[in-house]
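Please look over the structure shown here before reading the notes that follow.

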Amino acid sequence: MNHLFRSRQRVALLLLSALLGVLVLVLSWGRSGGGDAADTAEQGALAQASAASLAKPLVAASAMAVAVPASGPVIAASALAQVELPIGVPLWLQQLARQPVCTPQDLSRPAAHSRASAGEAPWGAEAQALAQQRLRLTAERLTASSDAELRMMGLVLLRQHETLTQEALQQHSSTAMYGLLHLCEGWAMMTVHKPLPVPAVCASLTPERAWPMSSLDRFGLALQGLASAQDEASRDLWLERAVQHPPQITPLDRLPAAMLAHVPPKWSPEQRADALAFGFGFWATQVMAGLQGLTNACRPDKAAPGSLRQHRCLAIAEAMDRPPSTMLAARVALRLGEWHGWGLQRLQQRHLELAASVVALPAWMPNGVDGQVPDSCTGLSGLRDHTVLLASQGELGALAHGVKRSGKSWAQWAQELPPFQPRPWQAPASAP
């Protein structure tokens, strides 16, 4: 295993560890939220299930640090050539989906070597500085775009909260407001060395204040409001807003693809894979951060059978259980459905579909020849295709595509995967 391979592997593991920590925090009940031991265990299981959908592409990116043979394969073609992208997909995303990920020059040169010294740790200070430099180059290219959403992504990556604040609050830009909200949410996750003070605007930017100025992801904003609600009337308000504004494709879903599409053209496949890994990591650590508030508000003891609250909770569960929602949201929807009346057959089938979509994801990542690691261009092609689907159909749509490509019947999947195990909800123990 060469030095560059170990470097990529460490990046993947660090991102995965960070993701698991964030998701466990998002889904844990907390001391004030209550919940039995079985519920607490499931929150960890949900975090791991969602993290698995990120871990496999990241590990695949790690595996790309190998030399491409001089007589390398033909230029990697897109597996999406026959996939009809939805109407309204940005032109840059259409171009990313159709173009080869490697040039003939990429195929004829060996993989890039790390600049870090042989005695340095795989992800030491020099390697971090180099990664930051490359990230800045990509972010600056996004910022220079005439497309408002791409420019906003660049400003978020460059931490330009002053510009975003001015455009959001003074110029009333919904796109800038979206970027500012996610920059505030992910501020700590973007810190590499010493933590930077959180901008003052982030403390004053409450979901209620942002609501009139935000239109790109009102479902996500409603969940944030639900998580911060202090009374039942506020929770009902945010639940109703979530019902009225179901999940949709957002600029955050397009961030990994945008980074891959806007890296400097002379970058090697390994450098492009690094940029894509960062994009995946940033997307995964922020997606659906308000789910704890939803699960608390929709507990059976707070959403009685036949009540308006239960009706709203079930409507939200239905919306989260289909594209363009996320794997994590679909797993939470499954739990809400179990609490509030989904039939056992539906629960069993949906559990099987979600589990299969995670296991089938490696189908995007070729195994190479005779068990060897695939070449960089072949691996990057699979990552690109998954990224394009994430950007155009959402995570559930992208993962479902992998299941279809597997060619396996549901009976075959049922034999390979653990069955659904019903767990009736238990009221939290009374405080001593």
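A residue is called buried when its relative accessible area is under 20%, exposed when that area is over 50%, and partly exposed in between, using a 1.4 Å probe and protein chains only. This is a predicted model, in which local features need pLDDT of at least 70 and side-chain atom pairs count only at pLDDT 80 or more, while totals for chains, interfaces and linings use all residues. Residues are numbered from 1 along each chain as its sequence is written, and side-chain values use heavy atoms, with hydrogens and water left out.

**The whole protein**

- The protein has 20 helices and 0 strands, where helices (H or I, at least four residues) and strands (E, at least two) are DSSP runs numbered from the N terminus.
- Of the 432 residues in the protein, 53% are buried.
- The accessible surface comes to about 19,400 Å², and 56% of it belongs to carbon and sulfur atoms; such areas come from the Shrake-Rupley method with a 1.4 Å probe, and for residues only the protein chains shown count as cover.
- Among the contacts with a separation of 6 or more, 75% are between residues 24 or more positions apart, a contact meaning heavy atoms within 4.5 Å.

- Helix 6 is largely enclosed by the rest of the structure, because 7 of its 10 residues are buried.
- The buried residues of helix 6 are Leu150, Met152, Met153, Gly154, Leu155, Val156 and Leu157, and what covers them includes helix 3 (91-98), helix 5 (125-143), helix 7, helix 8, helix 13 and helix 14 (269-286).
- Arg159 lies in the loop between helix 6 (148-157) and helix 7 (161-170), and this residue is buried, with a relative accessible area of 15%.
- Although Arg159 is not a glycine, its phi is positive, at about 60 degrees; most residues other than glycine have a negative phi.
- In helix 7, the residues His161, Leu164, Thr165, Glu167 and Ala168 are buried, and their cover includes helix 6, helix 8 and helix 9 (200-204).
- Glu167, which has a relative accessible area of 14% and is therefore buried, touches Arg151, His172, Ser173 and Ala176, not counting residues up to four places away in sequence.
- His172 follows helix 7 and has a positive phi, near 55 degrees; His172 lies in the loop between helix 7 and helix 8 (174-185).
- With a relative accessible area of 59%, His172 is exposed, whereas Arg159 is buried.

**Helix 11 against helix 12**

- Helix 11 (residues 218-228) and helix 12 (residues 232-244) pack with their axes 8 Å apart and at an angle of about 165 degrees; axes are lines fitted to C-alpha atoms, for helices over the stretch in contact, and angles run from 0 to 180 degrees between N-to-C directions.
- That angle makes helix 11 roughly antiparallel to helix 12, since angles under 35 degrees count as roughly parallel, over 145 as roughly antiparallel, 65 to 115 as roughly perpendicular and the rest as oblique.
- The contact is made by Phe219, Leu221, Ala222, Gly225 and Leu226 of helix 11 together with Arg235, Trp238, Leu239, Arg241 and Ala242 of helix 12.
- These contact residues divide into 7 nonpolar, 1 polar and 2 charged, where Ala, Val, Leu, Ile, Met, Phe, Trp, Tyr, Cys and Pro count as nonpolar, Asp, Glu, Lys and Arg as charged, and the others, Gly among them, as polar.

**Helix 13 against helix 19**

- The axes of helix 13 (residues 251-261) and helix 19 (residues 376-406) come within 7 Å and cross at roughly 140 degrees, so the two helices are oblique to each other.
- On the helix 13 side the contact is made by Asp253, Arg254, Pro256, Ala257 and Leu260, and on the helix 19 side by Leu380, Arg384, Thr387, Leu390 and Ala391.
- The residues of this contact divide into 6 nonpolar, 1 polar and 3 charged.

**The loop between helix 16 and helix 17**

- Arg322 lies in the loop between helix 16 (308-320) and helix 17 (327-339), where this residue counts as partly exposed at 43% relative accessibility.
- Arg322 and Glu395 are 73 residues apart along the chain, and their C-alpha atoms are separated by 9.7 Å.
- Pro324 lies in the loop between helix 16 and helix 17, and the peptide bond from Pro323 to Pro324 is cis, with omega near 10 degrees; most peptide bonds are trans.
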